[in-house]
Amino acid sequence: MNIDFGGQVAVVTGGGSGIGYACAQALVQSGARVALIGRNAAKLENAVENLKADGEAYPYVLDIADVDAIPGVIARIREELGEIRVLVQSAGVMTGGDGLELTAAEWDSVLNINARGTYFVMQQVVKQSMQNGGGAIVNIASMAGIRGMVPPMCSASYSASKGAVVAITLQAASEWGPLGVRVNAIAPGGTASMNTGVVSPHEGPGGNPPPARNHVPTGRVMNTPEEIAAAALFLCSDLSGNTTGQVMVIDGGASIVGY
């Protein structure tokens, strides 16, 4: 059973690296014309250059914390590529640390990207494009947005931001379902990438063994970006055509055994 996006336009935020890049690659390989959004122009150009061997990919520089700039970039993607039918949101920042030391500036810097920016990208894609033809949205949340996690793996600001991603996913699914827009989220546990500083799914932070790995049903706490991308591809496709408002947890079963 193949997933074929047949020239549909897809947008991936945070597409320059990590989970976002893996999602962009999966979409390109499935026939989508993919617009990669990110704030680092060099990373975007490099990602697009690598993806061109598999299909169509295009860079769009945008810091999603700058919500005033979002409508213009979405309009430009529509003008240059066509109506948007798929949106995967992986843009985000991750911080760790003791909540007693967290500053208001640090809080705002995380929430402005992970929650505020994520919402307004989604809003503009639906408002400008999807409400006139439907589409599928997948937001990358985190296990940190569902349950407490011990620092330094995350922080109060990160957990709050990813909890917000879960909440806006459910709300958007409720509001926009009648428009033909499906909205789901993925809540990964740890994921090995240069963004998290973990280069192997068999390692923890700093190259150390993942904590409590022997107590995780699969024996592996860390995901690969490709595993998250495969789930996103399914949720964006017609194979999940009656699925909306769901949060898919991918964590090796760690959450079911109390890790």
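Trainee: Why is Glu56 called partly exposed?

Mentor: Buried means under 20% relative accessible area, exposed means over 50%, and partly exposed lies in between (1.4 Å probe, protein chains only). Glu56 has a relative accessibility of 34%, so it counts as partly exposed. A word on the source: this is a predicted model, where local features need pLDDT of at least 70, side-chain atom pairs count only at pLDDT 80 or more, and totals for chains, interfaces and linings use all residues. Residues are numbered from 1 along each chain as its sequence is written, and side-chain values use heavy atoms, with hydrogens and water left out.

Trainee: What makes Arg33 and Glu56 a salt bridge?

Mentor: The term asks for a side-chain nitrogen of Lys or Arg within 4 Å of a carboxyl oxygen of Asp or Glu. For Arg33 and Glu56 the N to O distance is 2.9 Å, so the pair meets that rule. Arg33, at 21% relative accessibility, is partly exposed.

Trainee: How do you know that this pair links distant parts of the chain?

Mentor: Look at where the partners sit: Arg33 is in strand β2 (residues 33-38) and Glu56 in strand β3 (residues 56-61), 23 residues apart. Helices (H or I, at least four residues) and strands (E, at least two) are DSSP runs, numbered from the N terminus.

Trainee: How many salt bridges does a search of the whole structure find?

Mentor: Three. One of them joins Arg76 and Glu80, with the closest N and O atoms 3.7 Å apart. Both residues lie in helix α3 (residues 70-81), four residues apart, or about one turn of the helix. Arg76 has 35% relative accessibility and Glu80 has 44%, so Arg76 counts as partly exposed, and so does Glu80. Another bridge joins the side chains of Arg78 and Glu83 at 2.9 Å, N to O. Arg78 is partly exposed at 26%, and Glu83 is partly exposed at 36%.

Trainee: Why are Tyr119 and Phe120 called an edge-to-face pair?

Mentor: Rings of Phe, Tyr and Trp (its six-membered ring) pair if their centres lie within 6.5 Å; planes under 30 degrees apart count as stacked, over 60 as edge-to-face and the rest as tilted. By this rule the count comes to one aromatic pair. The ring centres of Tyr119 and Phe120 are 5.2 Å apart and the planes stand at 85°, so the pair is edge-to-face. Tyr119 is partly exposed at 27%, and Phe120 is partly exposed at 29%.

Trainee: What makes Gly134 buried or exposed?

Mentor: Its relative accessibility is 5%, so Gly134 counts as buried. This residue is found in the loop between α4 (104-128) and β5. Gly134 and Leu179 are 45 residues apart in sequence, with 6.1 Å between their C-alpha atoms.

Trainee: What makes a set of residues the largest nonpolar core, and which members touch the most others?

Mentor: A nonpolar core is a set of buried Ala, Val, Leu, Ile, Met, Phe, Trp, Tyr and Cys residues joined through side-chain atoms within 4.5 Å. The largest such core has 33 residues, and Leu27, Val34, Leu36, Val88, Val138 and Ile186 touch the most other members. Elements supplying at least two residues each include β1 (9-13), α1 (18-29) and α6 (225-236). The largest share, eight residues, comes from α1.
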